[in-house]
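Student: I'd like to walk through this protein with you. Can we start with a side chain and then look at how the helices pack?

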Amino acid sequence: MATAAVPPAASRIAVVTGASSGIGAATARQLAAAGYRVVLTARRKDRIEALAEEIDKAGHQATAYALDVTDRAAVDEFATAFKTIGVLVNNAGGALGADPVATGDPADWRQMYETNVIGTLNLTQALLPKLDASGDGTVVVVSSTAGHGTYEGGAGYVAAKHGAHVLAETLRLEIVGRPVRVIEIAPGMVKTDEFALTRFSGDTEKAEKVYEGVAEPLTADDVADTITWAITRPSHVNVDLLVLRPRAQASNTKVHREP
């Protein structure tokens, strides 16, 4: 059985987008504990600075950098700070609304596409030369089971996450032979503090109904553990696609709920 690989010096920097909460924050903590110098990016500067301080106090290394992944000029400027990096975790994303196609808000669709797809494209394009230069790089795209199966009321989010899935799949084909792996992690039902609340514009009742009766949805730490495991496989091992769901969720539309 392969053990976790210790990152070589040239590959020790890991950039994590959307690191201000949820899966991104949990991933940053776990990669730091695994020996990476983590660079935390998100729009909420206060959140990532507090997380960087927490990681540093734990004896690891972290830097906070306020960044909007949809702002290409800002992303390009951010990329100039590095000669090489070892890991890019494209985690920034999210869902907005659950309206049917007939009445969905085009602005929500556009924002989801910009964040989940164009944001991933921006960071990947800007940092791919730095990943190449490390001689042992890894790109992670955190997609969703939504990108692999549709459901009613989810078309906008499904379309965006399908775009993220296709981006990862195509990139892997295009850069084969170069020293960069492309990993896609597709979580199902994950209960975090903000995902459902953001989707339903702060409506706590609607947000809670998503998880109603589900004893153990996935946690941010569950997903972060999976991401970290995939990254720390030996360099020749590429986890192309890893789908994870809680035991209670058989598909996007089949969930066991306790009465």
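Student: Which backbone oxygen does the side chain of threonine 120 reach?

Tutor: Before we start, this is a predicted model, where local features need pLDDT of at least 70, side-chain atom pairs count only at pLDDT 80 or more, and totals for chains, interfaces and linings use all residues. Residues are numbered from 1 along each chain as its sequence is written, and side-chain values use heavy atoms, leaving out hydrogens and water. Now, threonine 120 sits in helix 4 (residues 106-134); helices (H or I, at least four residues) and strands (E, at least two) are DSSP runs, numbered from the N terminus. At 2.9 Å, the side chain of threonine 120 reaches the backbone oxygen of asparagine 116.

Student: Is threonine 120 buried or exposed?

Tutor: Buried means under 20% relative accessible area, exposed over 50%, and partly exposed in between, using a 1.4 Å probe and protein chains only. Threonine 120 has 2% relative accessibility, so it counts as buried.

Student: What does threonine 120 touch, not counting residues up to four places away in sequence?

Tutor: Contact here means heavy atoms within 4.5 Å. With that rule, the residues touching threonine 120 are Asn90, Thr115, Val141 and Leu167.

Student: Over to helix 8 (residues 220-231): how far apart are its end C-alpha atoms?

Tutor: The expected span is 1.5 Å times one less than the number of residues. Helix 8 has 12 residues, so it should span 16 Å, and this agrees with its end C-alpha atoms being apart by 17 Å.

Student: Are helix 1 and helix 8 roughly parallel or oblique to each other?

Tutor: Axes are lines fitted to C-alpha atoms, for helices over the stretch in contact, and angles run from 0 to 180 degrees between N-to-C directions. Under 35 degrees counts as roughly parallel, over 145 as roughly antiparallel, 65 to 115 as roughly perpendicular, and the rest as oblique. Helix 1 and helix 8 pack at about 50°, with axes 8 Å apart. Therefore these two helices are oblique.

Student: And are helix 3 (residues 72-79) and helix 4 roughly parallel or oblique?

Tutor: Their axes come within 9 Å and cross at roughly 20°. Residues that meet there include Phe78 in helix 3 and Leu123 in helix 4. By the angle rule, helix 3 and helix 4 are therefore roughly parallel.

Student: Last one: how far apart in space are phenylalanine 200 and tryptophan 229?

Tutor: Phenylalanine 200 lies in the loop between helix 6 (195-199) and helix 7 (204-210). The two residues are 29 residues apart in sequence, and C-alpha to C-alpha their separation in space is 32 Å.

Methods: A polar contact is a pair of N or O atoms within 3.5 Å; within protein, one must be able to donate a hydrogen and the other to accept it, and residues adjacent in sequence count only if both atoms are side-chain atoms.
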